Amino acid sequence: MNQLASAGAIDRVFRSIAANTTNNANNSGTLIGSTGFTTGQAAAAGISPAFLNATSQLLTLLSDAELIAAVNSLSPEPYAAFQSVGLDTLKRQRELLLSQAGNCAKTGWVVNAPNRRTGQTGKQPLCVFAQANNATSNISGSAGLSGYNSGIFSSYYGIEYKPSQKWTIGAAYGYGTSYLNAMTLTNASVSSDVNSGSIYGTYKPSDKWNVRGLIGYANFNLSGRRSTAFIDNGSTLQAAPSSNGFTLALNTDYTINISKASATTQTYLKPLLGLAWGSYQQSGFSETGSDALNLNVQGHTANSLIGTIGLEVAASPIPLNKRKTVSVTPRLAVAYQVDALAGAAGTKELTSSFQAAPAAGDFTTQGENRGVNAFVVDGGVDVAIAKNTSVYANVGYEVFATGGQLTYGGGMKMRF
């Protein structure tokens, strides 16, 4: 697919040069097929002689493998594929923050917590928190698209405010990084710093129901590199585009106690439902690094719309000593997710053109994404190691159509 698009652009260049010659002959009067195109003819067709020289090297390659690798290296496929990484970054950020929403008292620092002796507290307790999480993925390419590895680090620093027993609101600043590398069909990589801001709220109409909503924005500052193969002296092309991300999410769960009231440890089931939208808006940009093969890449917006249905099993703290100062609180969740927009070609494509060859026109390149369906398993544990100190950790694995993703994170909580 991408190979045909790139090859088609090059073919249009040679057709354009041929159309600008007289009787298909160069200025020496001999047929072009005998002597090749001249730089003058390239200039007359609006083609840079450097582009003509670089692409003519395709004719000198000694094997099909070299030719395929060279053509693959001409497209902006890494930037097309990074759109999926950008959408996944938004997904990881909102899921991390929503897992915190309304639970700051368990994982953060309560600023005006109840007095241990009197039990009194302010009417509007505040809580501050910090979170971090890593995700690493392996994507398998298909239908002529390159596979790759990707990684996402997300962290949040926020404050939560509880105006009533039913309502909680919060705001958080996030910093993270995302990357894509080890592409199977071309030598290229893309990385980005990510700064984000989010606000969220939770509503508990009863002890059993919990509704959480979030709105967020993220700014991506990208750095990309790709190298040409076997032509143009293996030049390295670079770009530093910027992108914006927007996300909305709404989740709800319902707690069902499946233990006897007299049981020391209570066990709960939580059916989960969620709907989330993400939009990764990449700006247009121009590459540098080669006089011949730099690309102008048009801006593009990729969207996701993910529905989630799942079930969580959790337990109350399980004491590990007689004084109950040491305990463990486990949970396990499974979920099925569907991205209704992932299968659309427009979600994962980019349109570009060669700076040095306007006659080639625009051509469209696609990048591999995660696909429509995903199955998620996520587990966590909170371990109280002293009366006022606990550590918590979570690990999860996600299987989707084109690969898998491992996630992990954790932290420490201390009461003062």
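A salt bridge, as the term is used in this tour, is a side-chain nitrogen of Lys or Arg within 4 Å of a carboxyl oxygen of Asp or Glu. The model is predicted, and local features need pLDDT of at least 70, side-chain atom pairs count only at pLDDT 80 or more, while totals for chains, interfaces and linings use all residues. Residues are numbered from 1 along each chain as its sequence is written, and side-chain values use heavy atoms, with hydrogens and water left out.

Start with the whole protein in view. Its secondary structure comes to seven helices and 20 strands, where helices (H or I, at least four residues) and strands (E, at least two) are DSSP runs numbered from the N terminus. Of the 416 residues, 45% are buried; buried means under 20% relative accessible area, exposed means over 50%, and partly exposed lies in between (1.4 Å probe, protein chains only). If contacts (heavy atoms within 4.5 Å) with a separation of 6 or more are taken, 66% of them join residues 24 or more positions apart.

Next, select residues 77–100, which form helix α6. This helix has 24 residues and reaches 36 Å from its first C-alpha to its last, close to the 34 Å expected at 1.5 Å a residue, the expected span being 1.5 Å times one less than the number of residues. Of the 24 residues in α6, 22 are buried, which leaves the helix mostly covered. Just after α6, select Gly102, whose phi is positive at about 80°.

Within α6, pick out Arg92 and Glu95, which are three residues apart, about one turn of the helix. Their side chains form a salt bridge in which the closest N and O atoms are 3.2 Å apart. Arg92 is buried, with a relative accessible area of 9%, whereas Glu95 counts as partly exposed at 29% relative accessibility.

Asp88 lies in helix α6 and Arg370 in the loop between β17 (363–366) and β18 (373–386), so the pair ties together parts that are 282 residues apart in sequence. Asp88 and Arg370 are both buried.

Glu398 sits in strand β19 (residues 389–400), 28 residues from Arg370 in its loop, and Glu398, like Arg370, is buried. The charged end of Arg370 also sits over the ring of Phe400, 4.3 Å from its centre; the criterion is NZ of Lys or CZ of Arg within 6 Å of the ring centre and within 35 degrees of the ring normal.

To see these charged side chains together, select Asp88, Lys91, Arg92, Glu95, Arg370 and Glu398, which are linked in a network of salt bridges. The count for the model comes to nine salt bridges.

Finally, turn to the aromatic rings. A search of the whole structure finds eight aromatic pairs, meaning rings of Phe, Tyr and Trp (its six-membered ring) with centres within 6.5 Å, counted as stacked if the planes are under 30 degrees apart, edge-to-face if over 60 and tilted for the rest. Select Phe82 and Tyr280, whose ring centres are 6.3 Å apart and whose planes meet at 65°, so the pair is edge-to-face. Phe82 belongs to helix α6 and Tyr280 to strand β10 (residues 267–282), 198 residues apart, and both residues are buried. As a last stop, Phe51, Phe354 and Phe363 form one aromatic cluster.
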